[in-house]
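The sequence and the structure are shown first.

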Amino acid sequence: MQESSNKNKAVLTDNKLVESEIRYRRLFESAKDGILILDFESGKILDANPFIIKIIGLPLDETIGKELWEIGLFSNKEESELAFIELKINGYIRFEDMPIQSQNGKVTNVEFISNVYPENQSIVIQCNIRDISERVLAEKAIRKSEQNLQKQNTEYAKLNKEYSSLNEELTKSINQIHHINNDLIIAKDKAEESDKLKSAFLANMSHEIRTPMNAIMGFSEFISDPELSQDNFIKYIEIICASSQQLLTIVSDIIDISKIEADQFSIETAIVDINLLMNELLVTYKKIGSFSKVKLHLSNDSPDKPIQILTDGNRIKQIFNNLLNNAIKFTREGEIEFGYELKENFIEFYVQDSGIGIAPENQSIIFQRFRQVESNKKQLNEGNGLGLSISKALVEKMGGTIRVNSELDEGSKFVFTIPYTNKIE
Ligand code: ADP
């Protein structure tokens with residue numbers, strides 16, 4: 001009884017083993033990974049499944065009994081033996097990416113894992129081989145696209161740099177255009193302003209010329225009257241002379257300004273005795289001043305010593321005429337002092353009055369052509385706005401400068417310098 005139940009158990013166990021063997025075989029045959037079974041001692045192949053057979057391209061019967069390097073799993077015997085030693089020491093070995101060269105030369109990339117297992121009375125090595133060629137291809141594609149991306153990035157960075165420098169140049173050009181535009185607007189404004197000033201000047205000029213002309217013509221007619229008294233005759237002749245002088249000044253100013261504009265006026269130098277020149281001016285302006293409530297003084301820095309320099313005396317007189325006429329014109333009552341001071345390298349001439357003065361905002365514009373202080377223009381409708389600009393051009397042509405110090409209602413001091421280097425001792 002006991003014996004038959006033992007027999008039954010043995011039969012059952014045998015049956016289970018057979019079933020398990022069948023299942024194992026099915027898995028082995030259909031696996032989508034390669035499986036190789038090797039002898040632990042010799043390293044020779046004991047079994048191989050169809051998947052690995054397909055990869056290595058050798059029939060199963062030719063595969064069995066071979067070592068791994070012989071079927072293309074390692075490139076040579078030494079490499080294969082080294083791996084075998086490592087496996088024996090660790091009981092495990094893994095190569096993440098290993099090429100297998102099949103019989104027809106095709107290379108397949110695989111992941112290779114070996115483990116050591118006891119089997120019945122012996123020990124075997126099981127090698128699991130996974131085809132990773134698709135993964136390798138995908139990685140290669142990723143690497144390539146990364147490289148392409150890097151290349152594109154580099155090109156983009158280069159383009160970006162070029163774009164930045166183009167942008168910079170564009171900004172520069174735009175700024176330049178803005179500048180040019182601004183300059184053009186300024187030039188246009190100036191041209192319009194100068195056009196306006198010239199029109200105003202012409203209108204003013206015709207008035208300026210007509211006034212003395214009318215006086216000359218009218219009084220010339222009166223003096224031809226045979227019944228005219230001696231007193232009136234003299235009075236009319238004086239008016240004709242003064243008007244002629246006024247006309248001459250206007251015409252000279254127009255000629256001067258035209259020459260200045262055309263850069264055609266010249267300075268004619270000769271030895272000039274400054275004290276003599278100043279005294280001549282005093283005599284002339286004492287006469288003119290005697291008609292007004294203005295007291296005129298001359299203050300020479302060195303009245304006794306002859307100051308002789310090489311310069312254009314007529315031009316200096318012309319400047320003084322402009323300044324003194326203005327001083328008289330804009331000082332209805334008060335004092336005018338003119339003279340000079342000797343400085344290190346130049347003479348400083350001046351005309352100082354106690355007249356209406358000039359507001360700070362007008363002190364530079366009065367040196368421009370045709371410019372007059374608006375409020376004065378209404379008050380005193382005389383002059384053409386050229387005297388100071390002519391004086392400035394003359395002074396600068398002689399190497400000097402001209403300036404004004406003034407306060408509204410406190411009077412003005414016009415100062416101009418002439419280099420003293422031409423002094424004759
Ligand atoms: P004009 O006297 O013929 O108008 P100028 O060029 O000599 O031309 O002078 C320009 C302007 O400067 C004058 O119209 C006047 O407004 C101002 N100006 C010149 N000199 C004086 C002065 N001494 N006092 C006050 N204003 C002055």
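## Packing of helix 5 and helix 6

In this predicted model, helix 5 and helix 6 pass one another in a left-handed crossing. The residues that form the contact of helix 5 with helix 6 comprise 18 nonpolar, 4 polar and 3 charged.

Helix 5 covers residues 133–223, and its axis lies 9 Å from that of helix 6, at an angle of about 155 degrees. Angles over 145 degrees count as roughly antiparallel, and helix 5 and helix 6 are therefore roughly antiparallel to each other.

## Helix 10 and its two partners

Helix 6, which spans residues 230–261, also packs against helix 10; here the axes are 10 Å apart and the angle is about 50 degrees. Because of this angle, helix 6 is oblique to helix 10. The crossing of this pair, helix 6 and helix 10, is left-handed.

Helix 10 also meets helix 8: the two axes come within 10 Å and cross at roughly 150 degrees. Helix 8 and helix 10 are therefore roughly antiparallel to each other. Helix 8 passes helix 10 in a left-handed crossing.

## The shell around the ligand

Helix 8 and helix 10 take part in the ligand site as well. Helix 8 (313–329), helix 10 (387–397) and strand 12 (411–419) each contribute at least two residues to the shell around the ligand. Helix 8 provides the largest share of this shell, with 3 residues.

There are 21 residues around the ligand, and those that come nearest are N326, K329, D353, Q372 and L388. By residue class, the shell around the ligand divides into 9 nonpolar, 9 polar and 3 charged.

## Polar contacts and burial of the ligand

Which parts of K329, V373 and G387 face oxygen atoms of the ligand? For K329, an N or O atom of the side chain is 2.9 Å from an oxygen atom of the ligand. V373 instead places a backbone N or O atom 3.1 Å from an oxygen atom of the ligand. In G387, a polar backbone atom is 3.3 Å from an oxygen atom of the ligand. The ligand taken alone exposes 540 Å², of which the protein buries 97%.

K329 is among the residues that come nearest to the ligand, and helix 8 runs over 313–329. G387 has a polar backbone atom 3.3 Å from a ligand oxygen, and helix 10 runs over 387–397.

How values were computed:
Residues are numbered from 1 along each chain as its sequence is written. This is a predicted model: local features need pLDDT of at least 70, side-chain atom pairs count only at pLDDT 80 or more; totals for chains, interfaces and linings use all residues. Side-chain values use heavy atoms; hydrogens and water are left out. A residue is near a molecule or strand if one of its heavy atoms lies within 4 Å of it. A polar contact is a pair of N or O atoms within 3.5 Å; within protein, one must be able to donate a hydrogen and the other to accept it, and residues adjacent in sequence count only if both atoms are side-chain atoms. Accessible areas come from the Shrake-Rupley method with a 1.4 Å probe; for residues, only the protein chains shown count as cover. Helices (H or I, at least four residues) and strands (E, at least two) are DSSP runs, numbered from the N terminus. Ala, Val, Leu, Ile, Met, Phe, Trp, Tyr, Cys and Pro count as nonpolar, Asp, Glu, Lys and Arg as charged, and the others, Gly among them, as polar. Axes are lines fitted to C-alpha atoms, for helices over the stretch in contact, and angles run from 0 to 180 degrees between N-to-C directions. Angles under 35 degrees count as roughly parallel, over 145 as roughly antiparallel, 65 to 115 as roughly perpendicular and the rest as oblique. A crossing is left-handed if the near helix is turned anticlockwise from the far one by less than a right angle, and right-handed if clockwise.
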